[in-house]
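I opened my notebook to go through this structure step by step. These are my entries, in the order I looked things up.

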Amino acid sequence: MAEHEAEVRRSLIGRWFPTRYLYLRDGDDVKAWALTPGRQILGAAGAVLIGGWFLVASGGFALDMVRQSNADRTVARSRAEAQRLNADLQARLDSAVVRMTATTGSLDEMAEMVERRHAALTRVMTMFRGVEGAPAALAPAPALNADRNTPVQRMIAVRMDQERLIARAESVASTRAERLRLAFRLAGLNPAAYAPHNASLGGPLVDAGDPRALGAVLDVDEAFAVRIRNAADNLSDMRQLADAAQGLPFRRPTSARTTSGYGVRFDPFNGRPALHQGQDFAAPLNSPIYATAPGIVSFVGIRSGYGNVVEIDHGRGFKTRFAHLNSMAVQAGQRVALGQRIGAMGTTGRSTGVHLHYEVWMNGRPQNPARFMRAGDQLVQQD
């Protein structure tokens with residue numbers, strides 16, 4: 001039975017991969033090479049591996065391009081939404097002017113409404129302390145001249161300025177929060193994991209579970225409370241994501257040009273396909289290498305194939321590795337800051353020339369460093 005199965009296998013192999021001959025003629029000399037079934041099978045397997053590698057590499061490149069395109073579209077949508085909000089604001093202001101000009105209600109009631117909104121806005125503005133550019137964007141308009149304008153006109157002007165301020169607060173918070181969310185997505189990270197809504201700013205803006213309750217706490221109408229809550233939520237996300245980004249390896253380890261990227265490539269020593277777990281940078285010998293995020297140096301020494309290595313633990317499950325260094329400028333256990341010089345570029349270990357091999361690890365698994373660097377570029381654009 002076994003002999004019969006073997007005969008069947010040989011028959012199938014002979015049918016698909018019959019022995020073929022290649023002839024090469026050089027003048028009167030003719031040389032022949034026999035392509036046995038075994039050699040043909042090895043060649044076909046190699047072709048499949050190379051084709052698979054090209055598919056994986058092309059797929060990864062295409063995925064990165066799609067993510068970048070999606071990020072650009074999201075920013076465009078955010079800008080369009082801000083423009084829509086501004087147009088909506090102008091329509092509400094025009095309507096408010098008509099209503100308040102034609103109203104027969106008492107001036108005291110109008111004044112009380114303006115005062116309550118002013119108190120609520122004061123709370124919102126205090127949340128933006130320390131946010132770059134916020135003081136200029138959220139500066140109130142100059143008061144109207146009391147000698148040239150009636151009390152109603154002055155209250156209308158204040159009401160319009162309040163609408164403008166809350167709209168600007170919503171826009172500043174949402175735009176900056178969305179850009180940070182995009183940076184995290186470019187790195188392949190879930191922004192919600194770094195900005196949970198149950199860890200927000202605290203106080204009545206969080207304790208009030210719905211707009212009606214928040215309106216009661218702030219003593220303003222529900223529609224105004226909704227807008228305050230939106231600004232507060234986006235501002236909370238922005239601050240939490242910004243704080244998290246400060247501790248993640250989003251920056252570049254060197255200003256040198258990039259060479260080999262993350263993914264399957266041909267090993268420069270044996271020519272076989274192999275997974276390249278990092279990003280390579282090429283520059284002259286002893287070019288400075290910098291920490292890509294703050295952290296604690298977890299290893300300094302020699303690792304097989306990597307040569308001289310510095311590894312930094314950044315917390316949250318993130319670690320970076322800098323390999324083939326010519327010299328190291330830090331020690332194990334040392335705390336390093338973002339941008340601190342940790343070593344110099346070299347060619348130690350399994351290396352074909354002077355370069356830095358840089359890796360990013362998350363929860364024990366290698367990641368594509370290019371994604372994290374793109375996220376860092378997004379943050380630099382925001383700054």
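**Entry 1: the aromatic cluster**

Which residues form one aromatic cluster? I am working from a predicted model, so I keep that in mind throughout. I found that F184, Y194, F250, F318 and F372 make up the cluster. I also looked up the aromatic pairs, and the structure holds 5 of them.

I took the pair of F250 and F372 to begin with. Their ring centres are 6.0 Å apart and their planes stand at 40 degrees, so I noted the pair as tilted.

Next I checked F318 against F372. The ring centres are again 6.0 Å apart, but the planes are at 75 degrees, so this pair is edge-to-face. F318 lies in strand β10 and F372 in helix α10, so the pair ties together parts 54 residues apart in sequence.

How buried is F318? I read a relative accessibility of 1%, so F318 counts as buried. For F372 I read a relative accessible area of 1%, and F372 is buried as well.

**Entry 2: strand β10 and its partners**

F318 took me to β10, so I followed that strand. Which strands pair with β10? I found β9, β13 and β12 among them.

I started with β9. Strand β9 covers residues 307–315 and β10 covers residues 318–328. They pair in the antiparallel sense over 6 bridges. E311 stands opposite R321 in β10. The two strands form a hairpin with 2 residues between them. In the turn, I noted that R316 has a positive phi of about 55 degrees.

Then I turned to β13, residues 356–362. It pairs with β10 in the antiparallel sense over 6 bridges. In β13, V360 is the bridge partner of T320.

I looked at β12 after that, residues 341–345. β12 and β10 pair in the antiparallel sense over 3 bridges. Here M328 has G343 in β12 as its bridge partner.

**Entry 3: charges over rings**

I went back to R321. Over which ring does its charged end sit? It sits over the ring of Y306, 4.8 Å from the centre. I found another such case at R303. The charged end of R303 sits over the ring of F299, 3.9 Å from the ring centre.

**Entry 4: H355**

I looked up H355 and placed it in the loop between β12 and β13. Is H355 buried or exposed? Its relative accessibility is 12%, and the cut-off for buried is under 20%, so H355 counts as buried.

What does its side chain reach? I found the backbone oxygen of G353 at 2.8 Å from the side chain of H355. I then set aside neighbours within four places in sequence and listed the contacts of H355. They are D280, F281, A282, A323, H324, M345 and G346.

**Entry 5: the whole protein**

The protein has 10 helices and 14 strands. It has 383 residues, and 36% of them count as buried. Among contacts with a separation of 6 or more, 67% join residues 24 or more positions apart. The accessible surface comes to about 21,500 Å². Carbon and sulfur atoms account for 55% of that surface.

Technical notes:
Residues are numbered from 1 along each chain as its sequence is written. This is a predicted model: local features need pLDDT of at least 70, side-chain atom pairs count only at pLDDT 80 or more; totals for chains, interfaces and linings use all residues. Side-chain values use heavy atoms; hydrogens and water are left out. Two strands pair if DSSP finds at least two bridges between them. Helices (H or I, at least four residues) and strands (E, at least two) are DSSP runs, numbered from the N terminus. Buried means under 20% relative accessible area, exposed over 50%, partly exposed in between (1.4 Å probe, protein chains only). A polar contact is a pair of N or O atoms within 3.5 Å; within protein, one must be able to donate a hydrogen and the other to accept it, and residues adjacent in sequence count only if both atoms are side-chain atoms. Contact means heavy atoms within 4.5 Å. Rings of Phe, Tyr and Trp (its six-membered ring) pair if their centres lie within 6.5 Å; planes under 30 degrees apart count as stacked, over 60 as edge-to-face and the rest as tilted. A charge sits over a ring if NZ of Lys or CZ of Arg is within 6 Å of the ring centre and within 35 degrees of the ring normal. Accessible areas come from the Shrake-Rupley method with a 1.4 Å probe; for residues, only the protein chains shown count as cover.
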